[in-house]
Amino acid sequence: MNTAPGQAAADRAAAGQDLFAVRPGYLAAAEDAGLLHRLDGLPVVAGPYTDPLTGEAQCLVEHADPALLADPGRLLAELFARHPDCTAAVLRTPAGTPGDPRLHPLISYLHLTPEAAAGAAARAAAPAVRITEDDGEHRGLVRGWLATAVSGAQADLGAEVAEEAVRAAVEEILRTPARRTWLVWADGHDRPIGHATTVTDAEDDAAGTPFVDLVDILIEEPAHVPAAQPALVAVAAAEAARRGLPLVGHVCHHRTGPGLPPDPGTAVVAALRRHGWQESYGYRRADRPQGRP
């Protein structure tokens, strides 16, 4: 039987509602906390934020009206004026927000609805690999894989991360009571070759939507990715479907610019969409213009 939150998510998805649209109650809470202001009469929820991995002082925008995001020049100018100590603004952008050269993609979140998650799990072919749930025996491997994911995502963006910050982020995931990790095994190997780690009681603060968070999938050997990755997604999708919740994954983008290669994250997002994943929301970044206070 679905839990009440899970049924609510399923009902919203069935009704065609945006599972990750900002709810009015979130705006009211932001106003009570002094984080809501208006630009041209349109709401903006923003405040100072220190990135726990890099230590960078940022202005984090958890909501800006789509009309402001469509042409973000004035919004960015106001954010940098309001937060003179920040070196960058990081903005949450709803699904479908047009690209803008002033806003560089950081992370794209995508989801399978409860129905789509159930379908993905049901359609999964018998894997050529074996999946087991982690019982703690291979915690050291999981710790290392998570550390690779955390540090690698920042390296793709050209940011340096202290080892201590990576360790703290990984231990926080490992200590989460609702964490579930599945291991993938291949013939000829005496230990797992990869994992999928989820948090099953995640909730989107802005939308109030509960979901199963697919924190990371990593397979050590590229030759096994075609078999192992779908098998791991299927087991995570089955868990989300059992709870009646969307399964949410994310794609980290690479820093782009002159002399840098194209962002491979764009192709990954497109491939996920072809397999039934829907865009949830994303985060984009704008650096403070040089030479300005």
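Q: What should I know about the model before we start?
A: Residues are numbered from 1 along each chain as its sequence is written, and side-chain values use heavy atoms, leaving out hydrogens and water. As the model is predicted, local features need pLDDT of at least 70 and side-chain atom pairs count only at pLDDT 80 or more, while totals for chains, interfaces and linings use all residues.

Q: How many aromatic pairs does a search of the whole structure find?
A: The search finds five. Rings of Phe, Tyr and Trp (its six-membered ring) pair if their centres lie within 6.5 Å; planes under 30 degrees apart count as stacked, over 60 as edge-to-face and the rest as tilted.

Q: What kind of pair do Y109 and Y283 form?
A: The pair is edge-to-face, at 6.3 Å centre to centre and with 75 degrees between the planes.

Q: Which parts does that pair tie together?
A: Y109 lies in strand 5 (residues 104-112) and Y283 in strand 11 (residues 278-287), so the pair links parts 174 residues apart in sequence. Strands here are DSSP runs (E, at least two residues), numbered from the N terminus.

Q: Are Y109 and Y283 buried or exposed?
A: Both are buried, meaning under 20% relative accessible area with a 1.4 Å probe, protein chains only.

Q: Which residues form one aromatic cluster?
A: F20, Y109, F211, Y281 and Y283 do.

Q: Changing topic, what lies over the face of Y281?
A: R92 does, at 3.8 Å from the ring centre. A charge sits over a ring if NZ of Lys or CZ of Arg is within 6 Å of the ring centre and within 35 degrees of the ring normal.

Definitions and conventions: Helix = DSSP H or I, 4+ residues; strand = E, 2+ residues; numbered from the N terminus. Buried < 20%, exposed > 50% of the residue type's maximum accessible area, 1.4 Å probe, protein only.
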